[in-house]
Structure formats: C-alpha cells, structure tokens
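Thanks for making the time this morning.

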Amino acid sequence: MREFLHWAVVNIPGDDFSKGEALAEYMGAGPPQGTGLHRYIFTLYRQPSKLTFDEKPMNNLSIEGRVNFNLRKFIEKYKLDEHVAGNMFKAQYDDYHQFYQCVINHGTGILAQLCWLIVTADVETFFIKNEIVPDVLDEPPTKPFTIAYEGKSVQLGEEWTPTATIPIPTVKWDFESSAFYTVIMIDIDPPTRAKANFREFVHWLVVNIPGNDISQGQTTAEYTPTAPPIDGGIHRVVFLVYKQPEKLTFDEPYAGNRSLDGRFYFSQRKFSAKYNMGAPIAGNVFFSQYDDYVPIIYQEFMNNMSE
C-alpha cells in the first residue's frame with residue numbers, strides 16, 4: 001500500500017499556508033496494529049508557477065486517492081524539481097482513531113459507511129456513558145463533530161489543557177450546503193462536576209452558519225478558552241452542532257471574548273427549544289482541568305469588567 005497520502009496542499013503563496021489549495025485534507029497517522037513503526041515524511045517543493053492540479057480533492061473522511069500514492073510520479077507530472085525542505089517522524093499503533101483504522105482496513109463504499117456508523121455509535125454511547133445525557137441533553141448527537149486546534153484533532157474524550165485551547169479551533173461536520181447551523185461550545189461543570197452551580201458556561205456560540213463555513217456565521221459569544229478553577233477537578237467541555245429550521249433572528253446578548261455577559265447559567269436545552277432546533281446533529285467532548293494559563297484568563301476577564 002506504499003505510499004499513503006496524509007496531506008497535500010498546493011499553490012501556497014509564499015509561506016501563507018492558509019491560502020493554499022488542499023488536494024488532500026489532513027488525516028492523522030494511524031498505523032495498523034502489529035505493524036511496528038511507520039515513517040511519516042513531510043516534503044516541501046517550490047513550484048515553477050501557480051499550477052492547475054487535476055487530482056480529485058480528498059476529504060478527511062475518505063481514503064480514495066490516498067492509497068498507493070506515488071510521490072515520484074507526482075513530482076515528475078508537475079515538474080516540482082526544487083525540493084526545498086523536509087522533515088519526518090515515526091509512529092506506531094494506538095487506539096485513538098477508530099474511524100481511520102476502520103477505513104484503512106475496509107476501504108470505501110458500503111464498508112466505509114459501516115465504519116462511519118461505528119464512530120457514530122461511539123459518539124452516542126460516549127454522551128450517555130459520561131452523563132452529558134441527561135445532565136444537559138435529552139438526546140445525544142448522532143454524528144461526530146471534527147474539532148482541531150492548530151491542526152491537531154480533538155479525539156472524543158481526550159484531555160486538553162486550557163493553554164492548548166487558546167487558539168480558536170477549526171470545525172467541520174456533515175452538512176447540507178443550503179442549510180443553516182448553530183455551533184455551541186459549553187463547559188457543563190462549573191465550578192465542579194459535583195457542584196455545577198454555574199452550569200452551563202458558554203465558551204463559543206455562532207449562529208446562522210451557512211453550510212459549515214463558520215466564518216460566515218453570526219457570532220453571539222466570541223470564543224474563549226477553557227478555564228476550570230484550581231480546585232475544580234476535570235470539566236466536561238462539550239461541542240454541539242444544531243441544524244436550524246431556516247436562517248433565524250437571534251436576540252441573545254453579545255459577549256466579547258473577554259466578557260462574561262450571558263455566559264453563566266446558559267441552557268442549551270432552552271436555547272434549542274426557543275429557536276425550534278431540536279436535538280443536536282453532531283457533537284464532540286474533551287476534558288479539561290486547571291493549568292497555569294487559567295489565572296491569566298481570569299485576570300483578563302476582571303480587567304474587562306473594570307473598564
């Protein structure tokens with residue numbers, strides 16, 4: 001199966017990676033169990049000019065076009081003679097990415113759909129097992145919600161430090177291009193899971209998102225990182241996607257990224273009922289607890305209140 005293509009971005013202007021064209025969306029390392037260490041290679045080529053690439057774009061939930069990729073032939077095809085930089089790492093099996101492993105083992109088509117069902121079942125089971133249902137939801141989401149911080153995917157049930165959640169994450173979900181969506185990120189355990197008197201705290205709320213282009217949505221609460229208190233234990237941080245019945249008019253108060261207005265005592269149950277959005281269609285969860293960044297963000301909130 002050599003080579004397997006994990007990522008390919010072309011026509012990058014200068015070093016502005018964000019403006020390149022993704023031929024193959026990023027898919028993390030996932031060597032099969034029992035196969036030892038695999039070598040993962042990053043290569044950078046200078047193009048002779050801006051080029052037209054005829055490869056079919058690959059999303060991060062498909063292996064079509066990735067297996068048996070041939071870097072040598074790709075380089076020759078597009079005359080990428082100037083190899084300017086490279087790096088590599090080694091990785092071996094762990095159990096962090098069941099969908100990836102399942103697709104590698106079984107391919108595309110019907111079997112890939114079965115892989116998707118396995119991950120979907122994991123999402124529903126996780127929300128129930130970790131008591132997100134019924135603590136804040138009546139029904140679990142039915143599909144995975146892809147979250148990534150600086151390119152690193154958030155796997156369901158991982159622990160992330162507040163420091164690691166400083167940047168605004170990228171998000172993706174299964175969507176209809178003609179529909180509008182709402183994305184909510186909430187901490188459901190403030191100040192502690194055993195005594196969640198401030199439940200729920202809104203970290204991020206974006207509404208009227210066309211398709212899955214969150215940059216074109218209407219931000220009601222700007223993103224703010226996780227910040228459990230020093231004695232608050234581990235908090236459940238929940239991401240949810242709701243499909244709206246249509247483009248809506250929302251009357252929620254706006255909260256800047258260091259404003260507490262409207263963030264405490266939020267109820268996504270009441271919110272979704274108010275706007276007739278039903279149950280969430282996709283979700284993800286990570287755990288977070290105090291680290292040294294928390295006092296900094298608390299001070300930023302206090303400074304904002306005194307201005």
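Let me begin with Pro48, which has its place in the loop between strand E3 (38-46) and helix H1 (71-77); please keep in mind that what we are looking at is a predicted model. Is Pro48 buried or exposed? Its relative accessibility is 55%, and because the cut-off for exposed is over 50%, Pro48 counts as exposed. If we leave aside its neighbours within four places in sequence, Pro48 is in contact with Tyr78, Lys79 and Leu80.

Staying with loops for a moment, the one between strand E1 (8-10) and strand E2 (21-24) holds Phe17. Phe17 is partly exposed, at a relative accessible area of 40%, and together with Trp7, Tyr26, Phe42 and Phe89 it makes a nonpolar surface patch of about 470 Å².

Now let me step back to the protein overall. Its secondary structure comes to 6 helices and 13 strands, and of its 307 residues 42% count as buried. The protein exposes about 16,800 Å², of which carbon and sulfur atoms supply 52%. If we take the contacts between residues at least 6 apart in sequence, 73% of them join residues that are at least 24 apart.

Next comes the sheet. It is an open sheet of 6 strands with mixed pairing, and the order across it is E5-E13-E12-E9-E10-E11. Which strands stand at the edges? They are strand E5 (143-144) and strand E11 (218-221), and each has a single partner strand, so one side of each is left without a neighbour in the sheet.

Strand E9 is one to look at with some care, because 7 of its 8 residues are buried, so that it is largely enclosed by the rest of the structure. E9 pairs with E10 in the antiparallel sense over 7 bridges, and Tyr181 stands opposite Ile209 in E10. E9 is also joined to E12 by 7 bridges, again running antiparallel, and there Thr182 stands opposite Tyr242 in E12. Further along, E10 and E11 run antiparallel and are joined by 3 bridges, with Ala221 in E11 as the bridge partner of Leu205.

Which residues have the most contacts inside the largest nonpolar core? That core has 26 residues, and the ones in question are Phe127, Ile132, Leu137, Leu205, Val238 and Phe271. At least two residues of this core come from each of helix H3 (110-129), helix H4 (132-135), strand E9 (180-187), strand E10 (201-210), strand E12 (235-243) and strand E13 (282-288). Apart from it lies another core, of 20 residues, among them Tyr149, Val154, Ile209 and Val241; Ile209 is the residue that we met opposite Tyr181.

I would like to finish with Val238. Leaving aside its neighbours within four places in sequence, Val238 is in contact with Phe127 and Ile132, with Ile184, Met185, Ile186 and Ile188, and with Asn284 and Val285. Phe127 and Ile132 are, like Val238 itself, among the residues with the most contacts inside the largest core.

That is where I will stop, and I am happy to take questions.

Conventions:
Residues numbered from 1 in each chain as written. Predicted model: local features only at pLDDT ≥ 70, side-chain atom pairs only at ≥ 80, totals over all residues. Heavy atoms only, no water. Patch = residues over 30% accessible without salt bridge, like charges linked within 9 Å, V, L, I, M, F, W, Y side chains within 5 Å. Areas by Shrake-Rupley, 256 points an atom, 1.4 Å probe, with all protein chains shown as cover. Salt bridge = Lys/Arg side-chain N within 4 Å of Asp/Glu carboxyl O. Helix = DSSP H or I, 4+ residues; strand = E, 2+ residues; numbered from the N terminus. Buried < 20%, exposed > 50% of the residue type's maximum accessible area, 1.4 Å probe, protein only. Core = buried A, V, L, I, M, F, W, Y, C linked by side-chain atoms within 4.5 Å. Contact = heavy atoms within 4.5 Å. Pairing = 2+ DSSP bridges.
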